[in-house]
Each structure stands twice: as C-alpha cells, then as structure tokens.
Amino acid sequence: MTIDILFIWTAFKEISRALPITLILTILPLLAGFIIGLAVALIRIYKVKFLCGIANGYVSFFRGTPIIMHIMLIYFGFPLLIDQISKKFDLGIQSNSIPIILFVLTALSLSAGAYLSEIFRSGIISVSNGQMEAAYSVGMNSFQAMTRIVLPQAIAQSIPNFTNIFIGFLHTSSIAFIVSQKEMTGAANIVASTNLKFLESFIAAGLIYWGLTIIAEGLSFLIEKKATAYNRGGVQ
Amino acid sequence: MGKAFDPTLIVDFIPTLIYYLGVTLQILAASVLLGMVIGIAAAILRLFRIPVLCQFVILYISFIRGTPILIQLFLVFYGLPAILLFINIDISRMDALYFVIITYGLSNGAHFAEIFRGAIKAVDYGQTEAAYSVGMNNSQSFFRIVLPQAIRIAFPNIANSIIGSLKDTSLAFTIGVMDMMGRGETLIAATAHALEVYLSLAVIYYAVVLLFEKIFRLYENRINRHQSADVSATG
C-alpha cells in the first residue's frame, strides 16, 4: 500500500464541495442553541419555579450522554412521534417526507443549547453584582440592567468559550455522516470507498477541518480584542 | 423499523448492552493511561522548550484540536498500517480495538498536555523559590512542591476530559469495535427496535457519566482538603 499524494488534492476538491453542509450543520445549531442556552441559563439563575427542574434535567442529560445518542434518538424517535400525532389528528403529514437534515439539526441544536447554557451561566455569574447595582442606581429596571449592562459583559467574557464550542460543533457535525448526511466526513467516506483510497481521502478531510479550526481561532482572537477593548483590569 | 415502539424493551436490552460496558471502560482506561504518558511528556517538552521536539508537539496538539475525533480514528485505522508497512510490519489484521485505543490515547495526550502545561504554569513561581530557600534541588522542588499543587489545579479539567473521552468512545463502532454501541448495532439488526436500543444505551451512558462525576467530585474534595475555605470556594 503506497500513499498517492496527488489523490489527496483530488479528494480535497471533492470533499470541499460538502463544506456548505458542514457549515450549515455547525452554524444553525449554534444559533438555535444560543437562544435555548440563554433562556435555560436565565431560568436556572433566577430559579424559575417548575421550569428550573426541567432545565436542570435537560442540561444534565444532554451533557451526560454522547452526541451520537441525541442524533440517533431524534432520528428514530421523532418520525415515530410525528406519525403517531399525524394519525391521531389526521394531519396527513408523513415522517418520511421530512428531510433527514432537519432531524440532525434538531439534535445538534438541543445539545448545543445544553452546552451553551453552561457558558452563559458562568458568564453571567462572573459579572460582578456591583454592575447590576450600578445599573439600578441610575434608574434602570431589572430587564434593562440585564440586557444593557450584564449580558454584553457576560457575552464578551464568554468569547473564548464560544470559540471552543464553535470548533467543537464543527467537529461534531462529522458524526452526521453516520445517518448518511453528505457533509465533509460523509463526502470523504464516499470519495474513499469509490476510489478505494481511504487514507488519502481522510488526510484531505483532516486538512480541511484543521484549516477551518485555525481560521476560527484567528477570528476569535480578533473579535475578543475588539469586544474587550474597553475592559481594563486592575493590572493593565 | 416497521414495528411499534415498545418501552418494556428498553429495560430488556439493558443487561445485554451493559455486558459490553467492560469493553467501553477498557478503551477508556487504556487510552487515558496512554494519554497521561503522552501528555506529561509533551507538556515537559513544551515547558522546557526542547528544540525541534517542541515544534513537533505544537503541531501535534494543533492537529488533534483541529480535527474531529472521527477523522483521527479513520486516519489511524488506515494510516498506521500504511506507515508500519514501510518498515515491514504488517498490522492490517490487528484487532480494531487497538486502533481505537491508540487514537483516543493520542487525542487525550494532546488535551492533557495543554491541561498539565497550564496547571504547572499556574503554580506561583514563589513556591519554587521557597523550595529552593529550604535547600531543595530542582527535581525535589518540582515533584514535592509544584507538581502536587499543579495536579490539584489540573484535576477538574482532567475529569472533564475523561468524561468527554468516555462519550467519544461511542464512535469506536464506526471501525467495527464490539463495544456497547457496536453491540447495540447488532441488536438493532436482529430486532429492528432501533429507538429502544438507543434509549437503553443513553440510560447506561448517562448512569456511568453521573457515577464518574460523583467519584471525581469526592476525589476533588479530598485533594483540596488542605486548602483554606476561601480559596477552595472559588477554586
């Protein structure tokens, strides 16, 4: 077995065509997870009755089970649920007419929400209570103080964590190939098995992921510099 | 699927699947040990800035953190036999389990290296100076003063990494390892009750993760028992 260096380039071009799906599978779940995570974090911080218990259970379960479980449970569970409901109410919706990518997106969004909620929670807690008091002292109400004073600081502080989550989900999207999504790993698998050049294809895929990760880290560094431009610690 | 959802099967499948938990834990234990060795070596190479090897370690860590574990798994599975064939060693018939352990060991190694490096740097240099002032030499001050404090700092991150690694082992079945997931796949092929199998698996993974978290928390309290209250409350 020899390594065909030239084929790496061929595979590279072929696999990079699946880049948009990989990015969709990364960015959409993170956007949905942003909203879920913020809501869950606020529910847990303010200990909203009843909802708080659900939120705790949700975060604990999704952080306690592998992401492939979430994909599989929703991939196999939702169609069943949809068909049952559809049958009961005569809606005429068939689960097999729903594209698989929607199930994958739902699963990834739910796990992104659980992970992001922990980031928001630690970000919000890390903003000193004096900031809230200062906002009250100039006559803001709780909502204004939260959205104008605390959240912007919490989000700026969470940027390194957001980068980690972004890179984590960029890599997690590769699991979608197990339910035959043709994202980058899926594409690499197809290129590999049609040409019987497995190593070369996965080297190409690895290089693309690596490149994307390095770009993401660079961008995060720039954003962090911008977002924390007005933050001065005691030692600066 | 075809058949209706049957919740009683979730409980029925658990004993069959839990029988293979041993394989999952075996992968985890071996890869964590391998990762510790690689991680400590890599952290030392970086901290002492050993030329050439240091750059190699930086590249290794960047690559592992920059690619999905699934890609790493395939690269080791197809790449390692190809590399070893150059020196006339044929491992293409080796059990897939070993490829998984090597991949997860390499992956853990990169994460541990960063955690160790950060933890060692987090120990105040005054501690080393204090150790010198009472007449300790380099290795004494490192092993008796700095390292125990670094381990305390690193522990929560190491625990997180181990739990993450446990969840990652669920991907080992993609190269044909018969762990819990692998057994689950065969169970689905035999019974066509996919959802029930995955629910059983989720229950087992969740229980194991909760157990691990509990054990790690107890151990963390133990290694922090000499910390004064105000420090351990924040740290």
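The largest nonpolar core of this predicted model comprises 117 residues, and those with the most contacts inside it are A:Ile15, B:Tyr198 and B:Leu201. Helix 9 of chain B (residues 194–223) supplies the largest share of this core, 12 residues. A second, separate core of eight residues includes A:Val40, A:Ile43, A:Phe62 and A:Ala114. A nonpolar core is here a set of buried Ala, Val, Leu, Ile, Met, Phe, Trp, Tyr and Cys residues joined through side-chain atoms within 4.5 Å; buried denotes under 20% relative accessible area, exposed over 50% and partly exposed the range in between, with a 1.4 Å probe and protein chains only. Residues are numbered from 1 along each chain as its sequence is written, and chains are lettered from A in the order in which they are written. Local features need pLDDT of at least 70 and side-chain atom pairs count only at pLDDT 80 or more, whereas totals for chains, interfaces and linings use all residues; side-chain values use heavy atoms, without hydrogens and water.

Contacts (heavy atoms within 4.5 Å) were examined for individual residues. Leaving aside neighbours within four places in sequence, B:Tyr198 is in contact with A:Met69, A:Met72, A:Leu73, A:Phe76, B:Met181, B:Glu185 and B:Ile188. In chain A, A:Ser201 is found in helix 10 (residues 198–227) and is buried, with a relative accessible area of 0%. Residues up to four places away in sequence not being counted, A:Ser201 touches A:Phe7, A:Ala11, A:Ile15, A:Ala188, A:Val191 and A:Ala192.

Chain B contains 10 helices and zero strands, where helices (H or I, at least four residues) and strands (E, at least two) are DSSP runs numbered from the N terminus. The C-alpha trace of chain B spans about 75 × 55 × 25 Å along its principal axes. Of the 235 residues in chain B, 43% are buried. Among contacts in chain B between residues at least 6 apart in sequence, 78% join residues at least 24 apart.

Aromatic pairs, defined by ring centres within 6.5 Å for Phe, Tyr and Trp (its six-membered ring), count as stacked with planes under 30 degrees apart, edge-to-face over 60 and tilted for the rest. By this rule, 22 aromatic pairs occur over all chains. The rings of A:Trp9 and A:Phe12 are stacked because their centres lie 5.5 Å apart and their planes meet at 20°. These two residues are three residues apart in helix 1 of chain A (residues 5–16), and are therefore separated by about one helical turn. A:Trp9 is exposed at 52% relative accessible area, and A:Phe12 is partly exposed at 26%. An edge-to-face pair is formed by B:Phe77 and B:Phe99, 5.3 Å centre to centre and with 90° between the planes. This pair links distant parts of the chain, 22 residues apart, with B:Phe77 in helix 4 and B:Phe99 in helix 5 of chain B. B:Phe77 is partly exposed, at 23% relative accessibility, while B:Phe99 is buried at 2%.
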